[in-house]
Amino acid sequence: MTTLNISANSILSKESGKALADALAQNTVLKSLDVSDNQNKWNDGTIKGTLDGAGFAKELAIGLGINGALVSLDISKNRIPDDQQQVVKNIGDSQGIDLRL
């Protein structure tokens, strides 16, 4: 598998970011990862539950720094603070990853 789309699955938490980071740290095959639009929304568009976009991004960035295979990452439409988006962007740029924020 070279492409994984897990968008719109309400997985914006520190724990899910760590799980993805651990997987990315071990994976040398995955080229494209889409984790966009994971904002825990009800059908009417209102936000439900607790979001941790900062924790998600912080953990994910660790895995990105280790992984050398990923070429495309979409984390758009998530409530990730600007400072954590910048951390992910810096790592993505250093790894040559096409990044969608």
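Two strands pair if DSSP finds at least two bridges between them. Helices (H or I, at least four residues) and strands (E, at least two) are DSSP runs, numbered from the N terminus. With that in hand, start at the sheet. Three bridges join strand 1 to strand 2 (residues 32-34), and the two run parallel. Leucine 4 stands opposite leucine 33 in strand 2.

This is a predicted model: local features need pLDDT of at least 70, side-chain atom pairs count only at pLDDT 80 or more, and totals for chains, interfaces and linings use all residues. Residues are numbered from 1 along each chain as its sequence is written, and side-chain values use heavy atoms, with hydrogens and water left out.

Next comes the loop between strand 1 and helix 1, where isoleucine 6 has its place. Contact means heavy atoms within 4.5 Å. Leaving aside neighbours within four places in sequence, isoleucine 6 touches Ile11, Leu20, Leu33, Asp34, Val35 and Asn38. Glutamate 59 is 53 residues from isoleucine 6 in sequence, and 17 Å from it in space, C-alpha to C-alpha.

Now the helix pair. Two packed helices are described by the angle between their axes and the distance between the axes. Axes are lines fitted to C-alpha atoms, for helices over the stretch in contact; angles run from 0 to 180 degrees between N-to-C directions. Helix 1 (residues 14-26) and helix 2 (residues 53-66) have axes that come within 7 Å and cross at roughly 5°. The two helices are therefore roughly parallel to each other (angles under 35 degrees). In helix 1, the contact residues include Leu20, Ala21 and Leu24; in helix 2, they include Glu59, Leu60 and Leu64.

Beyond its neighbours within four places in sequence, leucine 60 is in contact with Gly17, Leu20, Ala21, Leu24, Leu73 and Ile75. A nonpolar core is a set of buried (under 20% relative accessible area, 1.4 Å probe, protein chains only) Ala, Val, Leu, Ile, Met, Phe, Trp, Tyr and Cys residues joined through side-chain atoms within 4.5 Å. The largest one has 18 residues, and Leu60, Leu64, Leu70, Leu73, Ile75 and Val88 have the most contacts inside it. Helix 1 and helix 2 are the elements that give two or more residues to this core. Helix 2 supplies the largest share, five residues.

Notes. Parallel < 35°, antiparallel > 145°, perpendicular 65-115°, else oblique. Buried < 20%, exposed > 50% of the residue type's maximum accessible area, 1.4 Å probe, protein only.
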